[in-house]
Each structure stands twice: as structure tokens, then as C-alpha cells.
Amino acid sequence: MSASVPRGHNWTRQLKKDDEEEDPLDQLITRSGCAASHFAVQECMAEHQDWRQCQPQVQAFRDCMSAQQARRREELQRRKEQASTQH
């Protein structure tokens, strides 16, 4: 038996080739700030193969995206109001 200690996971991202584009949905989720909860849903689904067992993760992702959308609406409204007061 080898005396070496088994190594843990070595998670690395593969570099994309210049001609490959990132999925627009992935870009949206990354910009939203909800990528961690999205990945949690994906990991749960990979583990359980049953979305019903992943409802806490799905709900957390839904809540994160809803909050992000509300912030975005507020920002757009604020910009619209600023633009109308400047003219």
C-alpha cells in the first residue's frame, strides 16, 4: 500500500477557446449575483436526480433572483426619474 495521502478534489475551470462564447443564461446568472445558489441547485439535481428533493435550493435561487430583479427595477426607475428631472 502506498504511503501517500489521497488528494482531494482538484476543481479547475477549463479555459474557453477564443471562438467559444459563454452561454447567455450563465452570463445572466453570474451578473445577478445568484450563481452560488444556482450551482447549489445544479449540484443537488446531479446528486438526487429528483427536483422535488431540491426544493430548498430551488427556493433560495428563486428568492435571490427575485431580489436581484427588484433591485434592477429600482435602479431603472431611479435612472428614469433622474433623466426626467435633468430635462
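Modeller: Start with handedness. A crossing is left-handed if the near helix is turned anticlockwise from the far one by less than a right angle, and right-handed if clockwise. By that rule, the crossing of α2 and α3 is left-handed. Keep in mind that this is a predicted model.

Biologist: What makes α2 and α3 roughly antiparallel to each other?

Modeller: Two packed helices are described by the angle between their axes and the distance between the axes. Helix α2 covers residues 35–48 and helix α3 covers residues 55–86; they pack at about 160°, and their axes lie 8 Å apart. The label needs an angle over 145 degrees. The pair is therefore roughly antiparallel.

Biologist: Which residues make the contact of α2 and α3?

Modeller: On α2, they are Ser37, His38, Ala40, Val41 and Cys44. On α3, they are Gln57, Val58, Ala60, Phe61 and Cys64. By class, seven are nonpolar, three are polar and none is charged.

Biologist: How many helices and strands does the chain have?

Modeller: Three helices and zero strands. Read from the N terminus, the order is α-α-α.

Biologist: Why is Ser32 called buried?

Modeller: Its relative accessibility is 7%. Buried means under 20%. So Ser32 counts as buried. Ser32 belongs to helix α1, residues 24–32. Beyond four places in sequence, Ser32 is in contact with Met65, Gln68 and Arg71. Ser32 and Arg72 are 40 residues apart along the chain, yet 9.4 Å separates their C-alpha atoms.

Biologist: How do you know that Ile29 is buried?

Modeller: Ile29 has 5% relative accessibility. The cut-off for buried is under 20%, so Ile29 qualifies. Ile29 also lies in helix α1.

Biologist: What does Ile29 touch, not counting residues up to four places away in sequence?

Modeller: Cys34, Ala35, His38 and Phe61. Take Phe61: Ile29 and Phe61 are 32 residues apart in sequence, and the C-alpha to C-alpha distance is 10.0 Å. His38 and Phe61 also take part in the contact of α2 with α3.

Biologist: Why does Gln55 count as partly exposed?

Modeller: Partly exposed lies between buried, under 20%, and exposed, over 50%. Gln55 has 31% relative accessibility, so partly exposed is the label. Gln55 lies in helix α3.

Biologist: What makes Gln49 exposed?

Modeller: The relative accessible area of Gln49 is 63%. Exposed means over 50%. Gln49 is therefore exposed. Gln49 is found in the loop between α2 and α3.

Biologist: What is the phi of Gln49?

Modeller: Phi is positive, about 55°, although Gln49 is not a glycine. Most residues other than glycine have a negative phi.

Biologist: What share of the chain's residues counts as buried?

Modeller: Of 87 residues, 15% count as buried. The accessible surface of the chain is about 8100 Å², and carbon and sulfur atoms hold 51% of that area.

Notes. Residues numbered from 1 in each chain as written. Predicted model: local features only at pLDDT ≥ 70, side-chain atom pairs only at ≥ 80, totals over all residues. Heavy atoms only, no water. Helix = DSSP H or I, 4+ residues; strand = E, 2+ residues; numbered from the N terminus. Buried < 20%, exposed > 50% of the residue type's maximum accessible area, 1.4 Å probe, protein only. Contact = heavy atoms within 4.5 Å. Areas by Shrake-Rupley, 256 points an atom, 1.4 Å probe, with all protein chains shown as cover. Axes fitted to C-alpha atoms, helices over the stretch in contact; angles between N-to-C directions. Parallel < 35°, antiparallel > 145°, perpendicular 65-115°, else oblique. Nonpolar A, V, L, I, M, F, W, Y, C, P; charged D, E, K, R; others polar.
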